[in-house]
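Work through the exercises below with the sequence and the model side by side, and try each task before reading its solution.

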Amino acid sequence: MAATSATTFSIGSTASAGCKVDHLKQSKAFRIKFNSKNYLRTFNGLKSANSVNCESVSSFLGSESQTALKRSYKGKPQKQNQRSYSYVQPQASYKVAVLGAAGGIGQPLALLVKMSPLVSALNLYDIANVKELRLISVTATHPLSNPVNSTVPIAAEVLKQKGVYDPKKLFGVTTLDVVRANTFVAQKKNLRLIDVDVPVIGGHAGITILPLLSKTKPSVTFTDDEVEELTVRIQNAGTEVVEAKAGAGSATLSMAYAAARFVESSLRALDGDSDVYECAYIQSDLTELPFFASRIKLGRNGVEAVIGSELQGLTEYEQKALEALKPELKSSIEKGVAFVQKQPVTA
Ligand SMILES: NC(=O)c1ccc[n+]([C@@H]2O[C@H](COP(=O)([O-])OP(=O)(O)OC[C@H]3O[C@@H](n4cnc5c(N)ncnc54)[C@H](O)[C@@H]3O)[C@@H](O)[C@H]2O)c1
Ligand SMILES: O=C(O)C[C@H](O)C(=O)O
């Protein structure tokens, strides 16, 4: 298997999940190992919404019928007296690597990932304060480094050059936009945060972040002013933090939370949970753009299906915003691809 250098496409914090076998050579500098013996509650605080209501999906694998997917969305039958949380027997068998682990996001992310009962070993990599760099190979990667709209196409091009690109296993982490959308809507409508689910599509910068407020669960009515105010706040939330920190960096703890949630979802999918959905920025044919964030179904092999139904029946405001974001997202994607093409090819 071709080895991918940690330095090749991690310009910040990246969590690579899914190595059940010993693919990841551990850094001498950091290694944490632990085991879970007992039944533990699922990592509920990080669990994304499930039971997606959708009318159409485009399947990555091309084999699932709509009916089969709809059946899977209904979730597992609830046993009588079953409590609202579920139990898992932790396998504690997955290795996770955090690249950029010494950074503002990497440090709290490592702590949160360590809490997952599905993780048996956490390998932390950084170029800061280590004596030795090692090559690692990865089975799935989650770049969250900005600008995500370009770094994902960059990662795709680099992986293509190395002959190891699998579009089903490359995700740009946009979970923070969903976390923010859920939080702001819950505050505005006086709802319990855990009940709120707002899909966010497009990309991860400014107007390319498009929260689909009309698809909010539970069903909520917004005035036009509320839609405008919430949409703009969600789109500018990253800048809000950057400005509040006044030059001392961007969102760290909220991003660590969001990334840990995405890692947990990926591990649950790898472990066979058939009811795992997240929004992520991926190679996509949902629109004319080659990369696009939308809700996806995660499975053992990465992206199992793209949930296209959420792009149907948009409000006029959302439809206009979708058309408006496309040129900007297209330009960011093209910049990413051009950036790689200008680099000398390395072995
Ligand atoms: N996707 C999102 O929603 C989102 C949200 C917030 C921040 N971000 C982005 O996440 C990235 C990281 O943010 P941060 O606050 O943790 O930054 P940071 O500068 O505190 O940490 C980055 C770490 O990565 C390390 N690093 C750099 N190059 C490396 C390499 N080649 N291999 C291994 N480690 C390397 C650095 O030494 C540093 O410790 C930034 O690009 C930021 O813009 C994304
Ligand atoms: O890192 C940034 O520039 C902002 C970040 O992407 C965020 O959404 O908080």
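**Exercise 1. At what angle do helix 5 and helix 7 pack, and which residues meet there?**

Step 1. Helix 5 (residues 175-189) and helix 7 (residues 253-270) pack at an angle of about 110°, and their axes are 8 Å apart. Helices (H or I, at least four residues) and strands (E, at least two) are DSSP runs, numbered from the N terminus, while axes are lines fitted to C-alpha atoms, for helices over the stretch in contact, with angles running from 0 to 180 degrees between N-to-C directions.

Step 2. Helix 5 and helix 7 are therefore roughly perpendicular to each other; angles under 35 degrees count as roughly parallel, over 145 as roughly antiparallel, 65 to 115 as roughly perpendicular and the rest as oblique.

Step 3. The crossing of helix 5 over helix 7 is right-handed, where a crossing is left-handed if the near helix is turned anticlockwise from the far one by less than a right angle, and right-handed if clockwise.

Step 4. On the side of helix 5, Thr175, Leu176 and Val179 take part, and they meet Ser254, Met255, Tyr257, Ala258, Ala259, Arg261 and Phe262 of helix 7; two residues are in contact if their C-beta atoms, placed from the backbone, lie within 7 Å. By class, the residues of this contact are 7 nonpolar, 2 polar and 1 charged, with Ala, Val, Leu, Ile, Met, Phe, Trp, Tyr, Cys and Pro counted as nonpolar, Asp, Glu, Lys and Arg as charged, and the others, Gly among them, as polar.

A note on the model: it is predicted, and local features need pLDDT of at least 70, side-chain atom pairs count only at pLDDT 80 or more, and totals for chains, interfaces and linings use all residues. Residues are numbered from 1 along each chain as its sequence is written, and chains are lettered from A and ligands numbered from 1 in the order in which they are written.

**Exercise 2. Describe how helix 7 packs with helix 3.**

Step 1. Helix 3 (residues 106-114) packs with helix 7 at about 35°, the axes being 8 Å apart, and the crossing is right-handed.

Step 2. Pro108, Leu109, Leu112 and Val113 in helix 3 meet residues of helix 7, including Leu253, Ala256 and Tyr257. The contact of helix 3 with helix 7 consists of 10 nonpolar residues, with no polar and no charged ones.

**Exercise 3. Which residues are around ligand 2, and which helix gives the largest share?**

Step 1. Around ligand 2 are Asn146, Leu176, Gly238, Val241, Val242, Ser250 and Ala251, where a residue is near a molecule if its C-beta atom, placed from the backbone, lies within 6 Å of it.

Step 2. Helix 6 (residues 224-245) contributes the largest share of this shell, 3 residues, and the shell has 4 nonpolar, 3 polar and no charged residues.

**Exercise 4. Find the cis peptide bonds that join Asn146 to Pro147 and Lys217 to Pro218.**

Step 1. The bond from Asn146 to Pro147 is cis, with omega near -5°, and Pro147 sits in the loop between strand 10 (142-143) and helix 4 (148-161).

Step 2. The bond between Lys217 and Pro218 is also cis, with omega about -5°, and Pro218 belongs to the loop between strand 13 (209-211) and helix 6.

**Exercise 5. Where does UniProt place the C-terminal domain?**

Step 1. The unreviewed UniProt entry places "domain: Lactate/malate dehydrogenase C-terminal" at residues 174-340; UniProt positions are given in the numbering used here, feature names are shortened, and annotations may be inferred rather than shown by experiment.

Step 2. Over residues 174-340 the chain is 48% helix and 17% strand, and the end C-alpha atoms are 22 Å apart.
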